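Trainee: Please take me through this model one feature at a time, and tell me in each case how the feature is read before you apply it.

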Amino acid sequence: MTSLFHLCTACPHAQVSRDVRDGLTVVRIRGEVDIATAPEIQARLDEATRATVPRVLIDLTDVEFMDCSGLRLLVRAERRVRERSGELRLLFHQPAIHKLLRAGGLAARFRTAAPPLERSP
């Protein structure tokens, strides 16, 4: 298991951590996903989707706010995974994120994780 944690110093409103377990990369995003935090989050998602056949879970359960910049990040990650014949899932419970996905016409594009994975502190 590999565990990496990154606090975006240029954007103190977001934290990104990455755990790799049995070939599954779990990227946990905390805080805000917006135009200010998107470049740093994109770099972390690009790392997670770089594998030959990536298996990625993006955990958004601790995201307090997400705008269309977040949708762009998710679409980019999904496309990178699909191009590599991998698998990407989202984990979230916030109605606002579901509403944003639906409004962007993307709800059917993403698979969600169920049941929720056991989370480490």
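Mentor: Let us begin with a pair of helices: the axes of helix α1 (residues 38-48) and helix α2 (residues 68-83) come within 10 Å and cross at roughly 15°. The axes are lines fitted to C-alpha atoms, for helices over the stretch in contact, with angles running from 0 to 180 degrees between N-to-C directions. Helices (H or I, at least four residues) and strands (E, at least two) are DSSP runs, numbered from the N terminus. This is a predicted model, in which local features need pLDDT of at least 70 and side-chain atom pairs count only at pLDDT 80 or more, while totals for chains, interfaces and linings use all residues. Residues are numbered from 1 along each chain as its sequence is written, and side-chain values use heavy atoms, with hydrogens and water left out.

Trainee: How are α1 and α2 oriented to each other, roughly parallel or roughly antiparallel?

Mentor: Angles under 35 degrees count as roughly parallel, over 145 as roughly antiparallel, 65 to 115 as roughly perpendicular and the rest as oblique. The helices α1 and α2 are therefore roughly parallel to each other.

Trainee: Is the crossing of α1 and α2 left-handed or right-handed?

Mentor: A crossing is left-handed if the near helix is turned anticlockwise from the far one by less than a right angle, and right-handed if clockwise; the crossing of α1 and α2 is right-handed. The residues that make this contact (heavy atoms within 4.5 Å) are A38, I41, Q42, L45 and D46 on the α1 side, and S69, R72, L73, R76, A77 and R80 on the α2 side. Sorted by class, the contact has five nonpolar, two polar and four charged residues, where Ala, Val, Leu, Ile, Met, Phe, Trp, Tyr, Cys and Pro count as nonpolar, Asp, Glu, Lys and Arg as charged, and the others, Gly among them, as polar.

Trainee: Which residues have the most contacts inside the largest nonpolar core?

Mentor: The general idea is that in soluble globular proteins nonpolar side chains tend to be buried together. A nonpolar core is a set of buried Ala, Val, Leu, Ile, Met, Phe, Trp, Tyr and Cys residues joined through side-chain atoms within 4.5 Å. The largest one here has 26 residues, and I58 and L101 are those with the most contacts inside it. The elements giving two or more residues to this core are β2 (14-21), β3 (24-33), α1, β4 (55-66), α2, β5 (87-91) and α3 (95-103).

Trainee: What is L101 in contact with, leaving aside its neighbours within four places in sequence?

Mentor: Its partners are L71, L74, L90, F92, L106, A107 and F110. Two of these can be followed further. L74 lies in helix α2 and counts as buried, at 3% relative accessibility; beyond four places in sequence, L74 is in contact with I58, L60, M66, L90, L101 and F110. L71 also lies in helix α2 and counts as buried at 11% relative accessibility, and, with residues up to four places away not counted, L71 touches L100, L101, G104 and L106. The C-alpha atoms of L71 and G104, 33 residues apart along the chain, are separated by 7.8 Å.

Trainee: Where is E32, and what is it in contact with beyond four places in sequence?

Mentor: E32 is in strand β3 and, at 25% relative accessibility, counts as partly exposed. Its contacts beyond that range are H13, A14, T37, I41 and F65, and its C-alpha atom is separated by 6.0 Å from that of M66, 34 residues apart along the chain.

Trainee: Which residue other than glycine has a positive phi near 55°?

Mentor: That is S85, in the loop between α2 and β5, which counts as exposed at 60% relative accessibility. D22, also not a glycine, has a positive phi of about 50°; D22 is in the loop between β2 and β3 and counts as exposed at 78% relative accessibility.

Trainee: How many helices and strands does the protein have?

Mentor: There are three helices and six strands, and from the N terminus on the elements run β-β-β-α-β-α-β-α-β. Of the 121 residues, 44% count as buried, and among contacts between residues at least 6 apart in sequence, 64% join residues at least 24 apart.

Technical notes: Buried means under 20% relative accessible area, exposed over 50%, partly exposed in between (1.4 Å probe, protein chains only).
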